[in-house]
Amino acid sequence: VAAFLPLLQVAATPMMQRQGGDEQQGAHSQATLVSQQFEEVTKEYEDHRRDLYNKMQNVLVRLLLIGDWYEKPHPEEKDGVFPPHPAVKSFLDGCGKMYKMLMRILQLQDVQSIFQAGFAEVAETLQKKVGPGVGKFRKEDLALRAPNSGNRYVRDVAFMREHLITLPAIAKAAQDWTDELMRVVIAYLDVTQEVRQEFASLTPQ
């Protein structure tokens, strides 16, 4: 739509201007009015599109952060299996649904922009939670305060990466994003050497 409206404006204006005879001046005025209306519609569309981007970005962030990724403890390990945090599973489910919906109604680059912006905000939030200068975690951040909490976050990030890179339009953005999350987790959380070695291939150098 964003690309179509200006083209339609360019095509419509000469047609309005070609009306001849005594109506030429009136046609010119009408063409000017039509041109102005197209500009107004284009601006309204751009405003709505920015609003959509912001809302979709906020949804992505809320999917992970309101899901208590930092506060609620991870599920217990069972028979050597470490289930991902429920917030991560909800996040991936929401991402998949949003991806399918947006791919039907938006252009490729628009879908990529929405996910890239949402990913960036989640990474920034994690950095603020655990990065340099944070000191002790809040008492309500039970997942972060758990012994060897970094081990579970490493597994969560790997789990997200595995699923998100199957979505072709955002695979590169998802890879870059999970690389950044993994870097932050490895740098600032308690990750055992065993887990570092297990996920060494996913750790940015």
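Leaving aside its neighbours within four places in sequence, which residues is Glu77 in contact with?

Modeller: This is a predicted model. Start with the contacts. Beyond its neighbours within four places in sequence, Glu77 touches Phe82, Pro83 and Arg152. Arg152 is 75 residues away from Glu77 along the chain, yet their C-alpha atoms are separated by 9.9 Å. Glu77 itself sits in a loop, the one between helix H2 (24-65) and H3. Its relative accessibility is 37%, so Glu77 counts as partly exposed; the buried class would need a value under 20%.

Now the helices. H3 covers residues 86-105 and H6 covers residues 149-164. Their axes lie 10 Å apart, at an angle of about 15 degrees. An angle under 35 degrees counts as roughly parallel, and H3 and H6 are therefore roughly parallel to each other. The crossing of H3 past H6 is right-handed. On the H3 side, the contact uses Val88, Lys89, Phe91, Leu92 and Cys95. H6 answers with Asp156, Phe159, Met160, His163 and Leu164. By class, seven residues of this contact are nonpolar, one is polar and two are charged.

H6 also packs against H7, residues 171-188. Here the axes come within 9 Å and cross at roughly 175 degrees. That makes H6 roughly antiparallel to H7. From H6, the residues in this contact are Gly150, Tyr153, Val154, Val157, Ala158, Met160, Arg161 and Leu164. H7 supplies Ala171, Ala174, Gln175, Trp177, Thr178, Asp179, Leu181, Met182, Val185 and Ile186.

Last, the setting. The chain has eight helices and zero strands. From the N terminus on, its elements run α-α-α-α-α-α-α-α. It has 205 residues, and 40% of them count as buried. Take the contacts between residues at least 6 apart in sequence: 69% of these join residues at least 24 apart. The pair Glu77 and Arg152, in contact and 75 residues apart along the chain, is one such case. As for surface, the chain exposes about 12000 Å², with carbon and sulfur atoms supplying 54% of it.

Notes:
Residues are numbered from 1 along each chain as its sequence is written. This is a predicted model: local features need pLDDT of at least 70, side-chain atom pairs count only at pLDDT 80 or more; totals for chains, interfaces and linings use all residues. Side-chain values use heavy atoms; hydrogens and water are left out. Axes are lines fitted to C-alpha atoms, for helices over the stretch in contact, and angles run from 0 to 180 degrees between N-to-C directions. Helices (H or I, at least four residues) and strands (E, at least two) are DSSP runs, numbered from the N terminus. Angles under 35 degrees count as roughly parallel, over 145 as roughly antiparallel, 65 to 115 as roughly perpendicular and the rest as oblique. A crossing is left-handed if the near helix is turned anticlockwise from the far one by less than a right angle, and right-handed if clockwise. Contact means heavy atoms within 4.5 Å. Ala, Val, Leu, Ile, Met, Phe, Trp, Tyr, Cys and Pro count as nonpolar, Asp, Glu, Lys and Arg as charged, and the others, Gly among them, as polar. Buried means under 20% relative accessible area, exposed over 50%, partly exposed in between (1.4 Å probe, protein chains only). Accessible areas come from the Shrake-Rupley method with a 1.4 Å probe; for residues, only the protein chains shown count as cover.
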